[in-house]
Amino acid sequence: MGVSILIYRQGHRPEEIKGVDRMLQISHLYKNYGKFQAVKNLSLHIPQGDLFGFVGPNGAGKTTTIRMVCGLMLPTAGEISINGVDALAHQKEIKKQIGYVPDFFGVYDNLKVKEYMDFYGSMYRMGSKEIERISDDLLELVNLSDKKEVFVDTLSRGMKQRLCVARALIHNPALLVLDEPNSGLDPRARVEMKELLLNLKNMGKTIVISSHILSELSEMCNSIGIMDHGNLVASGRIEDVMDSVFGNDQLVITLEEGHETAVRIANEHVGVKVTSVGEQEIKLTHTMSKQEIAKMIGIMIAQDVLVTGFHKQEGSLETLFMRVTDHEGEQKGETENAAESNH
């Protein structure tokens with residue numbers, strides 16, 4: 001089965017795309033609707049082979065950014081390059097570099113799955129034999145091989161989304177962009193979509209996915225970008241963003257009594273800051289080694305603090321999202337959505 005070479009069957013060979021460090025490069029991107037700025041001075045880069053999660057509250061500007069990247073909307077100002085090609089100067093060429101999966105799958109009456117794939121393959125001037133060969137590989141990849149003779153509009157939403165991914169890959173794009181692909185899917189369909197995207201990532205495909213399901217993004221993505229009110233407020237490798245936002249390691253000490261003594265001892269240590277005190281625990285950030293933590297806990301116990309346990313508190317993507325965004329953008333979100341619907 002040819003799925004393992006599918007991603008490189010057309011266009012760039014593996015040794016050629018390996019040298020492309022920045023698959024997607026965005027510099028000083030703006031999108032204005034009158035006086036309203038949907039995207040403000042956005043700059044980021046996504047390396048080849050990344051699975052990049054694009055997140056933000058409603059009206060943050062992420063969908064506007066995705067549409068500009070895919071050539072569906074022109075920016076007010078800024079630069080976009082994909083796989084080394086200037087996306088704004090070469091809009092026709094850039095369409096060959098992108099596979100786009102929108103959040104809404106249109107209904108195709110009287111088209112079978114095989115015919116649907118044939119139709120999109122012909123749009124890229126592929127020969128019938130080539131379309132059939134690649135379509136077979138792609139339908140196997142998305143677990144729809146047994147649906148080739150089924151009418152598209154009879155498929156479940158999850159199957160339609162996977163078919164849309166297969167269609168988006170038929171011309172072997174350098175960049176796959178998915179806008180809320182799990183919207184409206186049941187739990188099983190979301191798991192299937194996650195497994196599909198991880199398979200594509202393992203094949204070396206560069207993927208940008210917009211989603212509100214943060215727990216799933218944290219399981220799939222190795223890099224993220226968080227937008228709020230048109231601004232990119234955090235971006236990079238997930239672990240790097242976590243470190244920059246949460247700072248030092250976080251430690252939770254559970255205890256039954258001796259809270260005041262525990263806080264005093266903690267504050268006596270260099271690099272330690274107590275962030276909260278609860279009925280049965282204190283939380284702190286620190287720069288200590290494991291040995292220094294053990295010594296501090298030992299001092300607490302020696303001074304009659306009843307310590308029952310301690311553990312490192314890991315930051316989550318949900319916590320990160322809440323930390324770097326605010327949620328006062330509903331009105332702005334409505335303005336952006338209305339503006340987009342008119343363009």
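Two strands pair if DSSP finds at least two bridges between them. Helices (H or I, at least four residues) and strands (E, at least two) are themselves DSSP runs, numbered from the N terminus.

## Basis of the model

The model is predicted: local features need pLDDT of at least 70, side-chain atom pairs count only at pLDDT 80 or more, and totals for chains, interfaces and linings use all residues. Residues are numbered from 1 along each chain as its sequence is written, and side-chain values use heavy atoms, with hydrogens and water left out.

## The hairpin of β9 and β10

Strand β9 (residues 223-228) and strand β10 (residues 231-237) run antiparallel and are joined by six bridges. Asp228 has Asn231 in β10 as its bridge partner. The two strands form a hairpin with two residues between them. In the turn, His229 has a positive phi of about 55°.

Nine salt bridges are found in the whole structure, the term standing for a side-chain nitrogen of Lys or Arg within 4 Å of a carboxyl oxygen of Asp or Glu. One of the nine joins the side chains of Arg237 and Asp50 at 3.1 Å, N to O. Arg237 lies in β10 and Asp50 in the loop between β2 (36-47) and β3 (51-55), so the pair ties together parts that are 187 residues apart in sequence.

Angles here run from 0 to 180 degrees between N-to-C directions, and axes are lines fitted to C-alpha atoms, for helices over the stretch in contact.

Within the sheet, strand β7 (residues 175-179) and strand β8 (residues 206-210) run parallel and are joined by five bridges. Leu178 stands opposite Ile209 in β8.

## The four-stranded sheet

Another open sheet has four strands in the order β2-β1-β4-β5, with antiparallel pairing. β2 and β5 (85-86) stand at the edges with a single partner strand each, so one side of each is left without a neighbour in the sheet.

Eight bridges pair strand β1 (residues 22-33) with β2 in the antiparallel sense, and Lys31 has Val39 in β2 as its bridge partner. Helix α3 (residues 62-69) lies across β1, β2 and β4 (77-82) and runs at about 120° to β1.

## Two helix pairs

The axes of helix α7 (residues 157-169) and helix α8 (residues 187-202) come within 9 Å and cross at roughly 20°. That makes α7 roughly parallel to α8, a label for angles under 35 degrees. The contact is made by Gly158, Gln161, Arg162, Val165 and Leu169 of α7 and by Ala189, Glu192, Met193, Leu196 and Leu200 of α8.

For helix α11 (residues 259-267) and helix α12 (residues 290-302), the axes come within 10 Å and cross at roughly 145°. Ala262, Ile265 and Ala266 in α11 meet Met296, Ile299 and Met300 in α12.

Note on methods: Angles under 35 degrees count as roughly parallel, over 145 as roughly antiparallel, 65 to 115 as roughly perpendicular and the rest as oblique. Contact means heavy atoms within 4.5 Å.
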